[in-house]
Structure formats: structure tokens, C-alpha cells
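Dear colleague,

Please find below the structure that I am handing over to you. My notes on what was found in it follow directly after.

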Amino acid sequence: MGEETLKTTLKVHRARLDLTQADLAAMAGVTRKSINAIETGRMVPSVILVLKLSKVLGVPVEDLFSL
Amino acid sequence: MDASLPERTEIFIRYIRGSLYLSLACLAVATAALAALALDGDGTWAPAVTRFLVTPFPLLPVLMAAGVALNMRQLKGQRFRREDPALRAVLEDEQRREAFHRAFRAAFVTTLVAQFPLGALFTWRPGIRLAPGGDLLLLGPVFMGAFTLVVGLVSLIGFFLFFDRD
């Protein structure tokens, strides 16, 4: 079985709100590196961070992340 | 002028990374001194090495202070306050935590593997008596322990800086 990867539309929703990675990071209480790592698929965020991002962007979790 | 939250976060990240690079530099000097001491052997070539290290020694504290001062400039007047959201974001950042965990695993394996060359390098060291008739102090295990500590610290900091890079 192949390794599953997490797909994300974080970048799209961030751009929609005209936010930089640093802005979104500050709003979610993490660093720009974390946002960058999630957007480029290098990191799978924790449930807590996923919920924070969903709340900050005003987008349901299932719209932000999918398998 | 007050920096914005994202700017403060970047300032703290740069400062912490700078501090870690500085620690690596200090560890490099300590490692060189330790290596000169450990490889002294019959003293045929060690004096040259120790002279090389001892000659600039008075300058080392000055260099270290200069490095710390240079790194402090990166803070741009920011202070470490526990309640600062920028500092909390840096300390509780998931990507950095993951980088630390990866670095810890890599450093553990490196330290474990390093035991073989360290063992081969230091088993030939004869023991010394600190006082006439006193207990024999085996230098091999002492140097192995010291180098294990150094290898562990250097690899942990080095791997963290690598995994935490942009």
C-alpha cells in the first residue's frame, strides 16, 4: 500500500484573504516555517493546528485538508 | 518602534538560530582543546597542537563576547517575555518541535555509531595515578565519555539547524 499524503488548499484560502504566510502564522500562533511546511506538504499538522487554521480562515476543515 | 507580531517572530527565530551557531563555534573550540589533550600520547606532536590552541587563547573570551554582542543585535531591542505571543509561537511551533524530534533521533544514532571509532581511538590510552599509590584512573573511558558528550551535543545542534532550515 502506498503512503498516503495530505492534500491542502491552505495556500488558496490564504491568498483569498490576501494573507502572507507570516500573517497567517501569527494568527494561528505558529511560525511562518510551519505554514510553509504545511503548504508544501513537508509537514502534517496536528489536529489542534488544523482546527486553529480552519477557525482563522473561516473554512471547514474538510475544505482545507483532504487525503 | 514596535515591531509587528510576524516581525517579532522572525527576530526571535533568527536570534535563537544565531545562538545555536554560536554554541556550535564554542563547542568546536572545546572539541579542539579536548582532542589535543586526548591525543597527547607520548607528546611527540601534541605540543605543537596545544601551542596552536593556547596562543590565541586570551583572545577567545573577547571573540565569544563579540559573537554574543553581535547576536544580541539581532534582537533589535526585543525582550524575552513569556507572555509575548511571538515568543510563544516560536517555542511552541510544531515545525520546530518536529525538527527537534528528528534531530534528537539522528543525534542518538550518530552518538551510538560514534562509540566504535571513539573506542578504537582511546582504548590504547594508559591509565594515570592522580596521587602516588592512588587509584589508577583509566583515561580511555574518561575521554570516550567526554567525546560522547561533545559528539551528542554537536550532532543535536547541527541536525536541528539542518532540519529547521528554511
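Two residues are said to be in contact if their C-beta atoms, placed from the backbone, lie within 7 Å. This is a predicted model, in which local features need pLDDT of at least 70 and side-chain atom pairs count only at pLDDT 80 or more, while totals for chains, interfaces and linings use all residues. Residues are numbered from 1 along each chain as its sequence is written, and chains are lettered from A and ligands numbered from 1 in the order in which they are written.

I begin with where the chains meet. In chain B, 14 residues are in contact with 14 residues of chain A. On the side of chain B that touches chain A, the elements giving two or more residues are α1, α4 and α5 (94–122) of chain B. Helices (H or I, at least four residues) and strands (E, at least two) are DSSP runs, numbered from the N terminus. By class, that side of chain B has 6 nonpolar, 2 polar and 6 charged residues. Here Ala, Val, Leu, Ile, Met, Phe, Trp, Tyr, Cys and Pro count as nonpolar, Asp, Glu, Lys and Arg as charged, and the others, Gly among them, as polar.

Next, chain B itself. Its secondary structure comes to 6 helices and 2 strands, in the pattern α-α-α-α-α-β-β-α along the sequence. Of the 166 residues in chain B, 16% are buried. A residue is buried if 20 or more other C-beta atoms lie within 10 Å of its own, exposed if 12 or fewer, and partly exposed in between. Among the contacts in chain B with a separation of 6 or more, 75% are between residues 24 or more positions apart.

How do two of these helices pack? Helix α1 (residues 5–38) of chain B and helix α6 (residues 139–163) of chain B have axes 10 Å apart and an angle of about 155° between them. Axes are lines fitted to C-alpha atoms, for helices over the stretch in contact, and angles run from 0 to 180 degrees between N-to-C directions. The two helices are therefore roughly antiparallel, a term for angles over 145 degrees. Among the residues making the contact are B:L27 and B:L34 of α1(B) and B:F147 and B:V154 of α6(B). By class, this contact has 15 nonpolar, 3 polar and 1 charged residues.

Helix α6 of chain B also holds B:M144. Is this residue buried or exposed? B:M144 is buried, because 20 other C-beta atoms lie within 10 Å. Leaving aside neighbours within four places in sequence, B:M144 is in contact with B:L118, B:G119 and B:F122.

Now the nonpolar cores, each a set of buried Ala, Val, Leu, Ile, Met, Phe, Trp, Tyr and Cys residues joined through C-beta atoms within 7 Å. The largest has 18 residues, and those touching the most other members include A:A25, A:V30 and B:A89. Its largest share, 4 residues, comes from α2(A). A second, separate core of 6 residues includes B:A38, B:L118, B:F122 and B:F147. Leaving aside neighbours within four places in sequence, the contacts of A:V30 include A:I35, A:L49 and B:D93.

Finally, A:D18 lies in the loop between α1 (10–16) and α2 of chain A. Its phi is near 55°, a positive value in a residue other than glycine. A:D18 is exposed, because 7 other C-beta atoms lie within 10 Å.

Yours sincerely

Key. Angles under 35 degrees count as roughly parallel, over 145 as roughly antiparallel, 65 to 115 as roughly perpendicular and the rest as oblique.
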